[in-house]
Amino acid sequence: MKPKLLLLNPATWYKSVKLTSLGLLSCAATVRDDVDMYHLDANVGGVNLKNFMDHIPWQPDIVAVVTQYTNRVFNVLTHAQALKERWPNVKIITGGTHGSLDCDFLVKTKLIDFVVVGEGELTFQELVRRIVGKNDKPYDEIEGLCLIKDGKPYRTPHRPFIENLDDLPLPAWDLVETKKYYMDNSPFGTMTMIETSRGCAFGCTFCSPALLWKRTWRKKSPERVALEFRLAEERGAEFTWLAELDPCHDPTHIREFCTALVKQGNTIRWFSQQRADQITAHPDLAPLMYAAGCRVANVGYESMSIRTLRSFNKGTTPAMNEKARDILHENNIVTNGGFIIGVPGETKEEMMASVKFGTTIDFPDFAILRAYPSTRWSDESGGNDENRENYKKFNEGWCFLHENPKLVEFMHKYATAMAWGHPKRIFAFFSPDDFRRGFCQWRYRVYVEVLAKRFYDKFKFKAQTALAKLPWFKSPEKLEEGGEEYKFLPPEAEEAMDNPAAMASAEMFERASKAATGQKECCSTDKPEEGNGNGKGKAPKKEEQVAVAPDKADTDGSTKDPPPPPA
Ligand code: B12
Ligand code: SF4
């Protein structure tokens, strides 16, 4: 009998979009021959944070849980605590964007045994094989790991990136029931995720994956992309997110795979993230992408203020944003635009310019600037340890960084109201295009649900506060019964958060290693270049965009005392 590995997608508040983690399934595919696996998603089929333990079919030897999202990190710990309480010897592994960038904290909680830092597949394979006794490499010699060694968080050397993404095994979609994945009330049908490339060569100051992938970009071949679309069709998927940061990075690549999709008569419609500069530099891409199935573009417009775009190191301009919007409109691609407000120093007028522009695109999404771990904004507001407490509020309309938080919170509400309530929106309801009409109606249903939930939460919170005043109603657990989200930190995590002495060394290590690996440099916005015609900003040239072997600091690990923090 093989050892047992549980693959766990942790519970989130974000339930209207049902998608499991592609990263987890891609890692799982590397250990098919070594373990028996079961995939459990605590967001679908009635499974949640409270009852997920009842849905585990057997006692696992290993649990692999995703820590992709900053706003979900405490939920991950709540899951881990329940698992460790029932099975103290189970090995818990995590990985993903957030986990990689705040790995010291996760292992310090002692609820997580190993964090796979950065690209997961090869590290995960080696680690799982080590745990089940298929190799005897010491844990601290497995590249790309964070673990506790001599009582302290310890990071092994960085693992070089996989050179050819076609070498990856196909993600383990066979462990997942396609019909469980869709967007609530949406016209898109069943959903899946396909990755055509990996990484991003840009360095926006708010973005965590730019740090994770060290500003590299790699692609799958058009044949491999076409194969993955075909297999997705075969398993019944009708819609997919391109699960990548920058699908249009190399125009030849996207032209080739779109042509391959058209040739094979692809029926899957897809959604992709895009940059305004790439849309404007290659206007011929939009019609080809449409023909290949692209129906929605999530464009990182971010702002209509050049000053704000510069402080984000975005490398685009307001003029590019306008042109990109027009190209997408002309090609009937629905635009779901992302905007961020609340950068320190941003004026009301600058925010207002973004709000106004938002009313001219199909669906603007406004977010308040967050200090995602290890980004410039986190460093400038005290580092990961200072910001961690705020992760709990990352879902909500809170402003942490701007000098006038009330203004930003107000503008956020106003922007959201304009995004949904602007009279122009009504036209989309009656659009002759089925897809656009369906998309619009779906977004409205989501909005109504969000409003209803907020109203309910507020009401519930007030009721709870009133109840808590009654002398005979003291138990916080009682108040939370039936709740879905993390509310109380597991004691081990509280301890790790409240222990400044232990944190001091980890923080020193964090800062020093970050400075040494050049992460700071990647996000510096001292003098961001203006969009330079093709809008490439500060991205390195093509030939520099290959994954580089780890530098000395990366391979140094931390067997010694950490070097002093940079001045
Ligand atoms: C598709 C997507 C979504 C989808 C579905 C996500 C899902 N279920 O996975 C939806 C629409 C739901 C979504 C929503 C949001 N998203 Co999103 N999303 C993505 C996107 C584009 C792709 C993720 C992906 O599959 N990548 C491809 C895989 C192969 O890469 P990977 O996940 O990094 O996995 C590798 C490693 O990280 C590691 N790994 C990953 N997981 C695990 C687990 C284990 C056990 C191990 C060992 C290793 C490992 O190994 C993998 C292979 O090498 C990413 C950007 C990106 N490219 O990562 C943003 C991203 C993850 N999203 C982001 C954000 C902010 C959000 C939202 C908060 C947006 C919003 N304001 O509402 C919401 C909240 C979601 C929530 N809390 O649940 C941020 C996360 C930042 C952060 N630190 O939190 C990202 C990184 C985008 C960005 N530019 O900043 N998202
Ligand atoms: S373009 Fe900027 S925001 Fe988008 S993935 Fe790259 S670094 Fe992040």
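Analyst: One definition before the strands: two strands pair if DSSP finds at least two bridges between them. Also, this is a predicted model.

User: Fine. How many bridges join β6 to β7, and do they run parallel or antiparallel?

Analyst: Strand β6 (residues 145-149) and strand β7 (residues 152-155) are joined by 4 bridges and run antiparallel. Leu-147 stands opposite Tyr-154 in β7, and Cys-146 stands opposite Arg-155 in β7.

User: What does Asp-150 do in that hairpin?

Analyst: Asp-150 takes a positive phi near 50°. The hairpin of β6 and β7 has 2 residues between the strands.

User: What does β6 have to do with β5?

Analyst: β5 and β6 pair in the antiparallel sense, over 2 bridges. Val-115 has Cys-146 in β6 as its bridge partner. Cys-146 is also the residue opposite Arg-155 in β7.

User: And how is β5 joined to β4?

Analyst: β4 and strand β5 (residues 114-116) run parallel and are joined by 3 bridges. The bridge partner of Gly-95 there is Val-116 in β5.

User: In which order do the strands of that sheet come?

Analyst: The order is β2-β1-β3-β4-β5-β6-β7, an open sheet of 7 strands with mixed pairing. β2 (36-41) and β7 are the edge strands, and each pairs on one side only. On average, neighbouring strands of this sheet are turned by 25° against each other, direction ignored.

User: Now the other sheet. How many strands, and what pairing?

Analyst: That one is an open sheet of 6 strands with parallel pairing, in the order β8-β11-β12-β13-β14-β15. β8 (191-194) and β15 (363-368) stand at the edges with a single partner strand each, so one side of each is left without a neighbour in the sheet. The twist averages 20° from one strand to the next.

User: How many bridges between β14 and β15?

Analyst: Strand β14 (residues 334-341) pairs with β15 in the parallel sense over 6 bridges. Gly-337 has Pro-364 in β15 as its bridge partner.

User: Switching to ligand 1. Which residues come nearest?

Analyst: Gly-23, Gly-95, Gly-96, Gly-120 and Ala-243 come nearest, out of 41 residues around ligand 1. The elements that give two or more residues to this shell are α1 (22-28), β3 (62-66), β4 (91-95), α3 (97-101) and α5 (121-131).

User: Which of them gives the most?

Analyst: α1 does, with 5 residues in the shell around ligand 1.

User: How does the shell around ligand 1 divide into nonpolar, polar and charged?

Analyst: The shell around ligand 1 has 21 nonpolar, 15 polar and 5 charged residues.

User: What surrounds ligand 2?

Analyst: The residues around ligand 2 are Cys-200, Phe-202, Gly-203, Cys-204, Cys-207, Pro-209, Ala-210, Leu-245, Asp-246, Arg-275 and Gly-300. They divide into 7 nonpolar, 2 polar and 2 charged.

User: Last topic, helices. At roughly what angle do α13 and α16 cross?

Analyst: Helix α13 (residues 348-358) and helix α16 (residues 405-421) cross at roughly 15°, and their axes come within 9 Å. α13 and α16 are therefore roughly parallel to each other, since angles under 35 degrees count that way. The crossing in which α13 passes α16 is right-handed.

User: And α7 with α8?

Analyst: The axes of helix α7 (residues 222-234) and helix α8 (residues 251-263) come within 9 Å and cross at roughly 40°. α7 and α8 are therefore oblique to each other. Their crossing is right-handed.

Definitions and conventions. Residues are numbered from 1 along each chain as its sequence is written. Chains are lettered from A and ligands numbered from 1 in the order in which they are written. This is a predicted model: local features need pLDDT of at least 70, side-chain atom pairs count only at pLDDT 80 or more; totals for chains, interfaces and linings use all residues. A residue is near a molecule or strand if its C-beta atom, placed from the backbone, lies within 6 Å of it. Ala, Val, Leu, Ile, Met, Phe, Trp, Tyr, Cys and Pro count as nonpolar, Asp, Glu, Lys and Arg as charged, and the others, Gly among them, as polar. Axes are lines fitted to C-alpha atoms, for helices over the stretch in contact, and angles run from 0 to 180 degrees between N-to-C directions. Angles under 35 degrees count as roughly parallel, over 145 as roughly antiparallel, 65 to 115 as roughly perpendicular and the rest as oblique. A crossing is left-handed if the near helix is turned anticlockwise from the far one by less than a right angle, and right-handed if clockwise.
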